[in-house]
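I opened my notebook to look up how one protein chain is put together. My plan was to go from the whole chain to single residues.

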Amino acid sequence: MTPELMEAGSLARERMAEREARGEGRIARRARLLRELEPDFGQGVALYLDDITVSFDGFKALNALTLQILVGELRCIIGPNGAGKTTMMDFITGKTRPDAGRCFFGSTIDLLRLSETQIAQAGIGRKFQKPTVYEQLSVFENLELACKGDRRVRASLLSRLSGEQLDRIGEVLALIHLKTEAQRAAGRLSHGQKQWLEIGMLLMQDPKLLLLDEPVAGMTDEETERTAELFLSLEGKHSLVVVEHDMKFVEQLTEGRKKVTVLHEGSVLAEGLLADVQGNDKVVEVYLGR
């Protein structure tokens with residue numbers, strides 16, 4: 001072997017070692033980041049908002065909003081249009097930044113320091129009013145894409161599912177009432193079924209906190225009832241914040257002694273059991289009486 005070839009081989013080995021070191025470094029950094037994004041729920045609080053203010057061109061969409069959601073709690077948020085409900089979800093998920101205030105996920109994670117992606121990685125999932133699914137793919141494939149790991153479409157479709165992942169997809173299919181529709185194209189589902197599928201896709205990520213924005217809008221009465229059953233089955237395993245105008249649905253979710261929060265002009269107007277909130281003169285005036 002000539003000296004030139006020996007030198008070239010040595011350089012190639014050095015470059016390979018550098019690439020391996022960089023790869024190991026990325027893996028270590030990712031592992032460290034995931035550890036840092038693991039919330040501590042030891043105090044029993046899943047989400048804590050303190051004096052959050054969000055302004056748009058001088059208008060306060062949120063005005064010193066303070067709210068606390070407990071671990072495993074199902075909390076309904078109601079209020080008139082413009083009360084700040086969607087803006088609240090926007091800043092919790094990092095889409096909007098507040099002008100002032102504090103927001104913690106568990107007792108250790110300051111959400112205001114994280115990006116949208118990091119907030120999702122920490123375990124906060126959001127469902128918007130309009131369902132977003134891959135309509136050309138089957139129900140099963142939509143859930144497959146949502147599995148934890150590399151979520152790029154090509155990588156997901158070319159990878160093989162583990163037995164554990166297959167079992168999890170089966171569990172979620174049963175939970176969202178779509179087991180018999182597993183091979184059906186998502187675009188052929190009813191509106192309510194698409195809503196369930198998107199909720200299932202969120203559940204595949206195993207979120208610790210679910211933010212659900214008007215999840216039963218456009219659903220039939222039967223679909224609404226099934227959705228209530230679904231959310232009640234998730235209570236305790238996940239923390240849920242449900243923004244909704246359908247008071248019948250809210251009643252189904254809050255049987256027993258569950259709190260309801262009423263927002264008005266960006267602040268908490270009233271909070272307590274549904275019966276107490278419904279009897280509050282201010283709530284009747286600004287919301288229920290309309």
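Below are my entries, in the order I made them.

**Entry: ground rules**

I worked with a predicted model, where local features need pLDDT of at least 70, side-chain atom pairs count only at pLDDT 80 or more, and totals for chains, interfaces and linings use all residues. Residues are numbered from 1 along each chain as its sequence is written, and side-chain values use heavy atoms, with hydrogens and water left out.

**Entry: the whole chain**

I looked up the helices and strands and found 11 helices and 10 strands. Helices (H or I, at least four residues) and strands (E, at least two) are DSSP runs, numbered from the N terminus. Next I checked burial: buried residues make up 45% of the 290 residues. Buried means under 20% relative accessible area, exposed means over 50%, and partly exposed lies in between (1.4 Å probe, protein chains only). Then I looked at contacts, meaning heavy atoms within 4.5 Å. Of the contacts with a separation of 6 or more, 67% are between residues 24 or more positions apart.

**Entry: the cores**

Nonpolar side chains tend to be buried together in soluble globular proteins. I searched for nonpolar cores, which are sets of buried Ala, Val, Leu, Ile, Met, Phe, Trp, Tyr and Cys residues joined through side-chain atoms within 4.5 Å. Which residues touch the most other members of the largest core? They are Ile-78, Leu-143, Leu-173, Leu-197, Phe-231, Val-242 and Leu-253, and the core has 46 residues. Helix 7 (residues 191–204) gives this core its largest share, seven residues. A second, separate core has 28 residues, including Leu-49, Leu-67, Ala-122 and Leu-209.

I followed up on Leu-143. Leaving aside neighbours within four places in sequence, Leu-143 is in contact with Ile-169, Val-172, Leu-173, Leu-197, Gly-200, Met-201 and Met-204.

**Entry: helix 6 on helix 7**

I looked up how helix 6 (residues 163–175) meets helix 7. Their axes come within 10 Å and cross at roughly 145 degrees. Axes are lines fitted to C-alpha atoms, for helices over the stretch in contact, and angles run from 0 to 180 degrees between N-to-C directions. Arg-168, Ile-169, Val-172 and Leu-175 of helix 6 make the contact with Gly-200, Leu-203 and Met-204 of helix 7. I sorted these by class and got five nonpolar, one polar and one charged. Here Ala, Val, Leu, Ile, Met, Phe, Trp, Tyr, Cys and Pro count as nonpolar, Asp, Glu, Lys and Arg as charged, and the others, Gly among them, as polar.

**Entry: strand 3**

Why is strand 3 (residues 74–78) called largely enclosed? Five of its five residues are buried, so the rest of the structure largely encloses it. Leu-74, Cys-76 and Ile-78 point one way, while Arg-75 and Ile-77 point the other way.

I then traced its partners. Two strands pair if DSSP finds at least two bridges between them. Strand 3 runs parallel to strand 8 (residues 239–243), joined by four bridges, and Leu-74 has Leu-240 as its bridge partner there. Strand 3 also runs parallel to strand 9 (residues 259–264), with three bridges. In that pair, Ile-77 is partnered by Thr-261.

**Entry: Glu-73**

Glu-73 is in the loop between strand 2 (59–70) and strand 3. Is Glu-73 buried or exposed? Glu-73 counts as buried, at 13% relative accessibility. Not counting residues up to four places away in sequence, Glu-73 touches Gln-68, His-238, Ser-239, Leu-240 and Lys-259.

I found an open sheet of four strands in the order 2-1-4-5, with antiparallel pairing. Strand 2 and strand 5 (109–110) stand at the edges with a single partner strand each, so one side of each has no neighbour in the sheet. Helix 2 (residues 85–92) packs on the sheet and touches strand 1 (45–56), strand 2 and strand 4.

Most residues other than glycine have a negative phi. I noted Ala-64, with a positive phi near 55 degrees. Ala-64 is in strand 2 and is partly exposed, at 37% relative accessible area. Glu-265 also has a positive phi, near 55 degrees. Glu-265 lies in the loop between strand 9 and strand 10 (267–273), and at 57% relative accessibility Glu-265 counts as exposed.
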